[in-house]
Amino acid sequence: MNTPCPLDNIRIVLSHTSHPGNIGAAARAMKTMGLHALYLINPRSFPAPEAEARAANAVDILQQAKVCSELNEALKNTILTAAITARPRDLSHDTFDARQGAMELVQLAQQQQPVALLFGPENSGLTTAEINKCQIIIHIPANPHYSSLNLASAVQIMTYELRMALTGNIPPSPTKGELVDFNELELLYAHLEQLMVTSGFLDPQKPKLLMQRIRRLFARARLEKEEAQILRGILTALGKRW
């Protein structure tokens, strides 16, 4: 019986990709480094002959790719997602360079837990809303005077770092319990936001950055499943007062 490879638990998620050739080149980069799970969110053109041409012998990755209509679908059941972005952000999550970030992801993937890397469109990158759905940010160090990096090249760098992290001596994760997954975490955020609106604590007409700050707080905490259930129970009990 073959031992499951941790890299099988890592998704490469491409959001709103403009050029099908980049999807094909990303698939080739993935297969070269031993990754197979490709998720596409509303690609402009897919499937496409250019994607297959650029994929070379990695057409099987394209054939198995999951095309999603929204980010929540692509991140379903994951317990950690890293946003790949070059731009500095306000209220940023914990930020790692490519090597450190790869180690964070592989550490969890080794425990057979699904994780993801999220890449944005070629011209604009990830939106703030998309980054808020992630728990960490990964920045690929580049020439500060010319930091423009092709999407497929960014995928190649990160898949290489993931493979190198797999061969390295990574200490076991300090987390003892099962981490809460993306679906349950989004339910917690929705529950909390609803209760804050009902109680008058949050004005939906003037939300400011409250939910963004709360997401950042819980992203740092890396909630376990049982902890999230406790919080949901508290919110349910408090909600009975309104």
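**The nonpolar cores**

Begin with Leu14, Leu38 and Phe119, the residues with the most contacts inside the largest nonpolar core, which has 43 residues. A nonpolar core is here a set of buried Ala, Val, Leu, Ile, Met, Phe, Trp, Tyr and Cys residues joined through side-chain atoms within 4.5 Å. Buried means under 20% relative accessible area, exposed means over 50%, and partly exposed lies in between, with a 1.4 Å probe and protein chains only.

The model is predicted: local features need pLDDT of at least 70, and side-chain atom pairs count only at pLDDT 80 or more, whereas totals for chains, interfaces and linings use all residues. Residues are numbered from 1 along each chain as its sequence is written, and side-chain values use heavy atoms, with hydrogens and water left out.

Next, centre the view on Phe119. Leaving aside its neighbours within four places in sequence, Phe119 is in contact (heavy atoms within 4.5 Å) with Ile12, Val13, Leu14, Ser15, Ile84, Leu126, Leu151, Ala154, Val155 and Met158. Apart from this core lies another, of 15 residues, and Cys68, Ala116, Cys134 and Ile137 are among them.

**The sheet**

Now switch to a cartoon display. Helices (H or I, at least four residues) and strands (E, at least two) are DSSP runs, numbered from the N terminus. Seven strands form an open sheet with parallel pairing, in the order 3-2-1-6-4-7-5; two strands pair if DSSP finds at least two bridges between them. Which strands stand at the edges? They are strand 3 (66-68) and strand 5 (94-97); each has a single partner strand, so one side of each is left without a neighbour in the sheet. From one strand to the next, the twist averages 25°; axes are lines fitted to C-alpha atoms, for helices over the stretch in contact, and angles run from 0 to 180 degrees between N-to-C directions.

**Strand 1 and its partners**

Select strand 1, residues 10-15. Six of its six residues are buried, and strand 1 is thus mostly covered. Ile10, Ile12 and Leu14 point one way from strand 1, while Arg11, Val13 and Ser15 point the other way. In a regular strand the side chains alternate between the two faces of the sheet.

Strand 1 is joined to strand 2 by five bridges, and the two run parallel. Along this pairing, Arg11 stands opposite Ala37 and Leu14 stands opposite Leu40. Five bridges also join strand 1 to strand 6, again running parallel, with Arg11 opposite Ala116.

Strand 1, helix 1 and strand 2 make a right-handed β-α-β unit: with the strands pointing away from the viewer, the path from the first strand over the helix to the second runs clockwise.

**Towards strand 3**

Is strand 2 largely enclosed or open? Four of its five residues are buried, so strand 2 is largely enclosed by the rest of the structure. Strand 2 pairs with strand 3 in the parallel sense over three bridges, and Leu40 stands opposite Val67.

Select Val67, which is partly exposed at 44% relative accessibility. Leaving aside neighbours within four places in sequence, Val67 is in contact with Leu40, Pro43, Phe46 and Glu73. Val67 and Pro43 are 24 residues apart along the chain, and their C-alpha atoms are separated by 7.9 Å.

**The other side of the sheet**

Move to strand 4 (residues 80-84) and strand 6 (residues 115-119), which pair in the parallel sense over five bridges. Here Ile84 stands opposite Phe119. Then show helix 5 (residues 98-109), which lies across strand 1, strand 4, strand 5, strand 6 and strand 7 (136-139) and runs at about 105° to strand 5.

**The cysteines**

Finally, select the cysteines. How many disulfides does a search of the whole structure find? The search finds zero, a disulfide being a pair of cysteine sulfur atoms within 2.5 Å. The sulfur of Cys134 is 14 Å from the closest cysteine sulfur, that of Cys68, which is too far for a bond. Cys134 is buried at 2% relative accessibility, whereas Cys5 is partly exposed, with a relative accessible area of 26%.
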